[in-house]
Amino acid sequence: MTITAPPAPPTPRPLPPPESPLARIRRRLIPQVLLVGAAMLVVGYLAIVPLGYLVHDTFTGSSGISFSAFARAYGGDSQSGRMLLNSMGFALGSALLALSTGTVLAYVQVRTDVGFKGLLFAASMVPLIVPGILYAAAWIFLGDPSIGLINTLLLKPLTGASPVNVFSVWGMIWVQGLHLAPVAFLLMVAAFRMMDPSLEESAAMSGASRPTVLRRITLPLMRPALISAALLMFVQSLESFEVPGLLGLQNGIYVFTSRIYFVLRAYPIDYGAAGAYAIGLLAIAAAGVLMAGWLQRNARGFQTVTGKAFRPQLIQLGRARRWVGAGVIGYFVFTVVLPVGVLVYASLLKFYAAPSMAALRTMTLDNYAAVLHMPLAWTALRNSLYLGVGAATVVMLLAAVVSWVVVRTDLPGRRLLDLLAFTPIVIPGLVLGLALAFVYLRVPLPIYGTLAILLISYCTRYLPYGMRYASSAMTQMSRELEESATVCGASWPQTFRRVLVPLASSGILAGWVYILVVSFRELSSTILLYSPGNEVLSVLIWEQFENGQFTTLAAIGVCMVAILVGLVFLAYRLGARVGLLSNTAG
Amino acid sequence: MLIVDSLRKSYGSTGPHRRPDDRERVFAVGGASFEVHDGELFTLLGPSGCGKTTTLRSIAGLERPDDGRITLTDRVLFDAARRVNVPASQRRLGMVFQSYAIWPHMNVFKNVSFPLEVLPRARRPRRAEIAERVERVLEVTELTDYADRSATKLSGGQQQRLALARALVIQPELMLLDEPLSNLDAKLRENMRFELKRLQRELGLTAIYVTHDQSEALVMSSRIAVMNKGSIEQVGKPREVYTAPATRFVAEFIGTSNFVTGIVASVRGEEITVDTVEGRMVSRGASIRPAVGSEVLLSIRPECVGLSVAPLSGRMNEWAGQVLTRAFLGDAVDHVVGVSKLEIRTRSNPTLSIEPGTRVSLTVDPDKVTLVPVN
């Protein structure tokens, strides 16, 4: 047989002359384009304007550009070196603890025949339903050097000393790490599920032992997932205010966020210095994102780890099964039973004390009665509900439109839009709060000191998360479903209303509930923006802490957890899959 | 009647991925022209990436071609020169997608009634008429019993019929079918071929059918356009395309074939004699008239090669060779026979099975020797 030359490629006929710019604009000026413009304006306003004001106000002195704010913030006796070390140590330590715990548990969950798997998923709901501020408060009840239950009930009788002190960097790392571990767990479960088990099986067939497979195959393939989870843990720890605020301020252990808060509570308020800290924090967070991007630069080669889910053969743990199972129970006790239990216990006491016959006898529902009769509690609940529902609705509407533009069209500007909508994920809550304060203290709009400023803040903070939910719903939907509606004669609005929105609705609803829930517990931007009359539940809890009303705090906390459990349960009943799975930043 | 005239579509020249070196753009379709007659099932056949789906989507209005003209009877659907581009939603065509694209949030009835419900108010039928028309279409596609069922609870074959019903309900002038059978398992696919063909014939539909499966194309089509690298290599009835391939690509893509190059030695009436490395071959009734001395390609289908252990008889178109390998296919047996440097594949009745290494003789009827032009 011989080979003949392939047919010559067809020579293209010259294309028609380009149309006039005006004609092109007229042809492009369809509803979608107007929509993109509007979405771009809203998103840009939310994401960029506050940062602009923050930078401008920080660098502007009495005479033009000035670095005096930085000098005040970082120079002299500000002990900024210690603060930087504390911040980095706290963020890295918490990320490491959360990531290692979460990854090990995820591996155990997906790949082994360990029992009690339900407990791990129950524990993964904790960060959703127990806000950070309550989690930190619960650990004060457990790990306070003088009254903490771990010291008084366990260690003092055994060793005669009270070695556990939650008011330290290690204590902060412990609490923050445990609170974030479930997020890492969920991210890594998804990653392990999406890995083709035949990649590991072929290594085993090549003669590699189980540990070698883990080290040479599994972990390298997990690298992209590990890096993006690590970034998320790092940024969330860095911007956490609750834990350093409750556990660090007591002993003068400052991190960026608590420092900003401290500066703003001092008199006279030095906005410049606070801005300088905020910019420092933003720079570290941005550096983390850039570094994760650099580490991920080869990640495209790891496409085997995405796509459909697999059901791998479970590893028979054999004799170790009992020990691993005990470890799972231990984890559940530490992350769920102890913190929630101690909150409930404390809420029933007049004065916090270790369990004893005397303490049990004084148990009462007085705290709850007090909360019910506290007018401020009802105001706070109402405000939290308004804000949660408002932010969830605004964000999901915006995210639905923006993600449709980003995922489905090739309109110009969609990449910029995508980037803009994701920017707020690296803006720590406290920084955003400060930046918004800068904006609305100067802009002559009656927004500062109202609920509206909180709404703007929540919308900005949770837009990236809303985008995750909406764009994954849009991506999962086959493009042909939309095209078939078009071919059937449906106009664009008809297709959007009758096909796109109904099909994306479960994802959008899931995002709505998620944002409602996280808005409820938001503290780090609220703490700078609320004003009397505009308290929300998390602020109320914070105030109880500052006033030393620990048992009232516990009672409010238990009510708040109950409300959040109800919301999450309702979401499940509505058929929405709520989880932190879409919570994958970076 | 649909007329597609010099349709061209390239990727990389428009949209957000504009590259500076526009000359290197890839043509998905590089000047396709064809006509589809009324009542015909016209197939675009070719390997993946040959541009068949892009052509279909251009007709549907889901892609905007760079150049060319598409007209359906008296309607211009697309004309680059006059800047006409009717939106997909106003072309009033029926389309069946590869994934069926059944809307999971609607039941069977709602899926089918959708195209009627979104008609402009002036042309939208009354509710009772919509119901009547949907029921009629469901009856034709044998889905009447499933009208209230959720669309996701249908089997693969039923989903396929539902997609068809939805496309049929507006009684489109033209149906577009994008590999509609490729997601079905092998047995069901064979049944659906005949089912589809029957429907098309009974309803007198004009349809364009895209597939990469040559046997599907041969079974179903009125005519086939074989596409390769963005252009159409041959348009013809299934039998023509199979027995008289116009190019080597067509001969290779449709069925299997043995190729031998040669120089035309003489042309005497119907008989063309070609000199090949393995001697003189005679072809009778070829579809082309090559000049004496020009190079041609002989294409011989395996089933047209006679295989025997008897010695050469001395007649025309005979080769002596040795069996290299054989393969049992169930309904046939393939032998690969070495003839000096050539390897000739034969296909015969499964009762014939010759040990590798055996010396054999091959014969080919001159009527079965197809000549393919060498560019």
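Is Phe496(A) buried or exposed? In this predicted model, Phe496(A) is buried, because its relative accessible area is 18%, where buried denotes under 20% relative accessible area, exposed over 50%, and partly exposed the range in between, computed with a 1.4 Å probe on protein chains only. Residues are numbered from 1 along each chain as its sequence is written, and chains are lettered from A, with ligands numbered from 1, in the order in which they are written. Local features need a pLDDT of at least 70 and side-chain atom pairs count only at pLDDT 80 or more, while totals for chains, interfaces and linings use all residues, and side-chain values rest on heavy atoms, with hydrogens and water left out.

Chain A has 27 helices and zero strands, the elements being DSSP runs numbered from the N terminus (helices H or I with at least four residues, strands E with at least two). Of its 586 residues, 53% count as buried. When contacts in chain A between residues at least 6 apart in sequence are considered, 79% join residues at least 24 apart, a contact being heavy atoms within 4.5 Å.

Over all chains, 26 aromatic pairs are found; rings of Phe, Tyr and Trp (its six-membered ring) pair if their centres lie within 6.5 Å, and planes under 30 degrees apart count as stacked, over 60 as edge-to-face and the rest as tilted. In one of these pairs, the ring centres of Phe241(A) and Trp542(A) are 5.2 Å apart and the planes stand at 50 degrees, so the arrangement is tilted. Phe241(A) belongs to the loop between α12 and α13 (242-248) of chain A, whereas Trp542(A) lies in helix α26 (residues 537-546) of chain A, and the pair therefore ties together parts that are 301 residues apart in sequence. Both Phe241(A) and Trp542(A) are buried. A tilted aromatic pair is also formed by Trp492(A) and Phe496(A), with 5.3 Å centre to centre and 45 degrees between the planes. These two residues are four apart in helix α24 (residues 492-521) of chain A, which means that about one helical turn separates Trp492(A) from Phe496(A). Trp492(A) counts as partly exposed, at 22% relative accessibility.

The side chain of Ser237(A) reaches the backbone oxygen of Met233(A) at 2.7 Å. Leaving aside residues up to four places away in sequence, Ser237(A) touches Phe90(A), Ala91(A), Ser94(A), Ala95(A), Gln176(A) and Leu180(A).

In chain B, strand β20 (residues 359-364) runs antiparallel to strand β16 (residues 305-308), to which four bridges join it, two strands being paired if DSSP finds at least two bridges between them. Within this pairing, Leu362(B) is the bridge partner of Leu307(B). Strand β17 (residues 318-328) of chain B is likewise antiparallel to β20(B), through five bridges, and Glu318(B) stands opposite Thr363(B). Arg166(B) lies over the face of Trp103(B), at 4.2 Å from the ring centre, and Arg248(B) over the face of Phe259(B), at 4.5 Å; the criterion is NZ of Lys or CZ of Arg within 6 Å of the ring centre and within 35 degrees of the ring normal.

Technical notes: Polar contact = N/O pair within 3.5 Å; in protein donor to acceptor, adjacent residues only side chain to side chain.
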